[in-house]
Amino acid sequence: MTKKLILDLDTGIDDTLAIAYALGSPEVELIGIVGTYGNVLLKQGVRNDLAITDLLGHPEVKVYAGLPHALKKDSFEVLPVSAFIHGDNGIGNVSIPDSSRSVESESGVDFIIDAVKTYGKDLIYVPTGPQTNLAAAIKKAPEIVNEIGKVVLMGGALTVPGNVSPWSEANISQDPDAANDVFRSGITATMVGLDVTLQTLLTYKETQQWRDFDTPAGRFLADVTDFYIKAYETTAPGLGGCGLHDPLAVGVAVDPTLVTTLPINMQVDVEGATRGRTIGDGDRLNDPQKTMQVAVGVDVQRFLSEFMTRITSVAQNK
Ligand code: BDR
Ligand code: CA
């Protein structure tokens, strides 16, 4: 049976590429997108999800609104650095038409729970923003931890420094409490963090191939990604391209052999100076059952080849 996939996105340029990767992957069926906050406000992210799935020729993908801010906060504001990297509208300030569709009336959190009940082990959940929605779903229906297939998340940094502080990665730092709840819940999860995503880089050479198709999808994907590559020239000079964070998480969800992993029960520091750090959970060090895997190596060439094949198939669509 084709695996069912849910993306939980703060869309976002690499989140956009994650949508395209999923739509270009026949091994999985994208059954819904849950919106979150982070690179953009929740409302903008959900708007982008609807508009992007339309533009990429998949208006059948339903979009659900998740929670608008971290579990222990009562509001959220986009950080200036997020707007610099992703644009004020999250998609590189590129204009695409609003969708005529609306967000679903069911809440994103309830959709997660219902999807686990319906698809069980055939369901893969891929959060590429803060983990607030998944943490809320686990709080409401704790049994889903044992019923879901797996979670493959983009976030964290185990063997390399963070990108918002020396110890914290952006998605985790938005809601360390939620990520810690997920990590310590016992859910089967693979962490695809900066350890690997900063090894998978894209350049203008590849985006030109999409532009050359001269399709609305090809032009859009090239324009937004070029904005992102340009931002990386300022935020990470010398890296040699933009990090394919979110599409790598989808890639690993589709084909886990793209990465080598370390089995380790993880936690997120929620107190003190290192709040937001992803690290082994001392309390579960001697637990023989390891429920998390942390990606520490990636087959860069194979992933980039898969990435280009899949995005190209979507970009070519007239
Ligand atoms: C992560 O943070 C967000 O800005 C990106 O979309 C990605 O999910 C990288 O740290
Ligand atoms: Ca993201």
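Helices H11 and H13 are oblique to each other in this predicted model, where helices (H or I, at least four residues) and strands (E, at least two) are DSSP runs numbered from the N terminus. Angles under 35 degrees count as roughly parallel, over 145 as roughly antiparallel, 65 to 115 as roughly perpendicular and the rest as oblique. The angle between H11 (residues 216-235) and H13 (residues 300-315) is about 130°, and their axes are 7 Å apart. Axes are lines fitted to C-alpha atoms, for helices over the stretch in contact, and angles run from 0 to 180 degrees between N-to-C directions. From H11, Ala217, Gly218 and Leu221 meet Ile311, Val314 and Ala315 of H13; contact means heavy atoms within 4.5 Å. This contact of H11 with H13 has five nonpolar residues, one polar and no charged ones. Here Ala, Val, Leu, Ile, Met, Phe, Trp, Tyr, Cys and Pro count as nonpolar, Asp, Glu, Lys and Arg as charged, and the others, Gly among them, as polar.

The model is a prediction in which local features need pLDDT of at least 70 and side-chain atom pairs count only at pLDDT 80 or more, while totals for chains, interfaces and linings use all residues. Residues are numbered from 1 along each chain as its sequence is written, chains are lettered from A and ligands numbered from 1 in the order in which they are written, and side-chain values use heavy atoms, with hydrogens and water left out.

H13 also packs against H12, at an angle of about 95° and with the axes 11 Å apart. H12 and H13 are therefore roughly perpendicular to each other. Pro247, Leu248, Gly251 and Val254 of H12 make this contact with Phe303, Phe307 and Arg310 of H13. By class, the residues of the contact of H12 with H13 are five nonpolar, one polar and one charged. Valine 254, in helix H12, is buried, with a relative accessible area of 17%; buried means under 20% relative accessible area, exposed over 50%, and partly exposed in between (1.4 Å probe, protein chains only). Not counting residues up to four places away in sequence, valine 254 touches Ser25, Glu27, Val28 and Arg310. Valine 254 is 44 residues from tryptophan 210 in sequence, and the two are 22 Å apart in space, C-alpha to C-alpha.

A nonpolar core is a set of buried Ala, Val, Leu, Ile, Met, Phe, Trp, Tyr and Cys residues joined through side-chain atoms within 4.5 Å. The largest such core has 64 residues, and Leu5, Leu7, Trp210 and Phe307 have the most contacts inside it. H11 supplies the largest share of this core, nine residues. A second, separate core of 35 residues includes Ile112, Ala135, Val145 and Met191. Apart from neighbours within four places in sequence, leucine 5 is in contact with Ala22, Val28, Glu29, Leu30, Ile31, Gly32, Ile124, Val126, Val250 and Ala253. In helix H1 (13-23), 11 of 11 residues are buried, including Ile13, Asp15, Leu17 and Ala22.

The calcium ion (ligand 2) is coordinated at 2.3 to 2.7 Å by Asp10 (OD), Asp15 (OD), Asp15 (OD), Thr128 (O) and Asp246 (OD). Threonine 128 lies in the loop between strand E4 (123-127) and helix H5 (132-140) and aspartate 246 in helix H12 (residues 245-254), so this pair ties together parts that are 118 residues apart in sequence. Along the sequence, the donor residues of the calcium ion (ligand 2) are spaced D-x4-D-x112-T-x117-D. Donors are N, O and S atoms within 2.8 Å of the metal (3.2 Å for Na, K and Ca); water is not among the atoms, so sites may look incomplete. Both threonine 128 and aspartate 246 are buried.

Most residues other than glycine have a negative phi, and most peptide bonds are trans. A cis peptide bond, with omega of about -5°, joins threonine 11 and glycine 12; glycine 12 lies in the loop between strand E1 (3-9) and helix H1. Asparagine 93 has a positive phi of about 60° and is found in the loop between helix H3 (80-86) and helix H4 (108-119). Asparagine 93 is partly exposed, at 44% relative accessibility. Aspartate 214, in the loop between helix H10 (204-211) and H11, has a positive phi near 55° and is exposed, at 55% relative accessibility.
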